[in-house]
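Subject: Structure handover

Hello,

Here is the structure I promised to pass on. Please open it alongside this email; my notes follow below.

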Amino acid sequence: MQELSAGPDAVLLDFTDEADPARTALDVAAALRGAMNDGHLVGVEDLIPSATSILVQGSTGGGVDVLGIHRVLRAADRPSTADEAVRHVEIPVHYDGEDLDDVAATLGLSVDDVIEAHRGSRWRVQFMGFAPGFGYLVPAEDTTNPLLSVARRSHARTRVPTGSVAIAAGYSAIYPRDSPGGWNLLGRTDVELWNESGEPPALLAPGTVVRFTDAEIDDAPRADDTGEQR
């Protein structure tokens with residue numbers, strides 16, 4: 001871990017030299033946030049994780065106690081994103097996105113294979129950004145998922161509808177509101193990602209594990225062992 005100055009009241013913790021920078025950044029962020037909540041990281045006002053780093057924001061004029069950060073990390077049993085305490089969210093998706101056929105053609109797969117690659121992996125929120133409630137998701141285990149090789153579209157759309165489920169540049173995401181966007185649209189969900197009056201307002205947060213399901217299949221009536229519809 002490298003500590004890089006980010007002004008008088010912040011420090012950037014960089015993990016690019018770690019064996020798994022993304023996982024390390026996520027676990028360290030969870031450990032530091034736990035220490036903040038327990039009152040063991042005095043003077044830290046906010047933690048902002050990114051793909052491979054964390055910005056630690058101290059109080060104005062107070063600086064950041066880097067030695068305190070090291071003490072917390074030495075004392076902490078760093079949480080794992082596979083730990084039972086991690087929040088899990090299920091997102092039903094209608095897989096009817098405008099870019100499904102193009103993604104399948106790019107990968108040399110069928111549309112069904114693309115859908116299965118997306119819903120067959122557990123995803124975790126690496127960091128938040130772009131818009132309120134927008135989480136950048138990476139596979140929680142399957143780093144060979146073929147969808148990770150799909151680039152952004154060559155031309156961005158001026159409007160991507162709320163609830164659009166998309167992939168690009170190694171990530172998956174859900175658009176929490178109408179906005180421009182250059183990601184490949186696989187489908188859509190009715191799940192609300194952002195509610196200003198909610199507590200918390202965002203459904204997702206760094207570390208949240210997401211499982212995408214096929215809304216058409218999961219909503220269909222299924223027969224139980226007695227043959228009854230349920």
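Arginine 122 has a relative accessible area of 27%, so it counts as partly exposed. Bear in mind that this is a predicted model. The side chain of arginine 122 meets that of glutamate 141 in a salt bridge, 2.4 Å from N to O. The two sit in distant parts of the chain, 19 residues apart. Arginine 122 is in strand S6, while glutamate 141 is in the loop between strand S7 (135-139) and strand S8 (157-160).

Other salt bridges

A search of the whole structure finds 10 salt bridges. One of them pairs arginine 211 with glutamate 90, with 2.9 Å between the closest N and O atoms. This pair also links distant parts of the chain. Arginine 211 belongs to strand S13 (residues 209-214) and glutamate 90 to strand S5 (residues 88-93), 121 residues apart. Arginine 211 is partly exposed at 38% relative accessible area. Glutamate 90 is partly exposed too, at 47%.

Aspartate 96 and arginine 188 form another salt bridge, with the closest N and O atoms 2.8 Å apart. Aspartate 96 lies in the loop between S5 and helix H3 (100-107), and arginine 188 lies in strand S12 (residues 184-188), so the pair ties together parts that are 92 residues apart in sequence. Aspartate 96 counts as partly exposed, with 42% relative accessibility. Arginine 188 is partly exposed at 37%.

Glutamine 126

Back to strand S6, which covers residues 122-128 and holds glutamine 126. Is glutamine 126 buried or exposed? Its relative accessibility is 2%, so it counts as buried. A polar atom of its side chain lies 2.8 Å from the backbone oxygen of alanine 22. Leaving aside residues up to four places away in sequence, glutamine 126 touches several others, among them Leu26, Pro49, Ala51, Tyr136 and Val138.

Seven residues of domain 1 are in contact with eight of domain 2. Together the domains bury about 580 Å² between them, and 59% of that is on carbon and sulfur atoms. Which residues of domain 1 lose the most area to domain 2? They are Leu26, Pro49 and Ala51, which together make up 67% of what that side buries.

How many salt bridges are there between the domains? The count is zero. Two residue pairs are in polar contact across the interface. On the side of domain 1 that touches domain 2, helix H1 (residues 21-37) gives the most, with four residues. The residues of that side divide into five nonpolar, one polar and one charged.

The chain as a whole

The protein chain has five helices and 13 strands. Its C-alpha trace spans about 60 × 50 × 40 Å along its principal axes. There are 230 residues, of which 43% count as buried. Take contacts between residues at least 6 apart in sequence: 59% of them join residues at least 24 apart.

Best wishes

Technical notes
Residues numbered from 1 in each chain as written. Predicted model: local features only at pLDDT ≥ 70, side-chain atom pairs only at ≥ 80, totals over all residues. Heavy atoms only, no water. Buried < 20%, exposed > 50% of the residue type's maximum accessible area, 1.4 Å probe, protein only. Polar contact = N/O pair within 3.5 Å; in protein donor to acceptor, adjacent residues only side chain to side chain. Contact = heavy atoms within 4.5 Å. Buried area = accessible area lost by both parts, 1.4 Å probe. Salt bridge = Lys/Arg side-chain N within 4 Å of Asp/Glu carboxyl O. Nonpolar A, V, L, I, M, F, W, Y, C, P; charged D, E, K, R; others polar.
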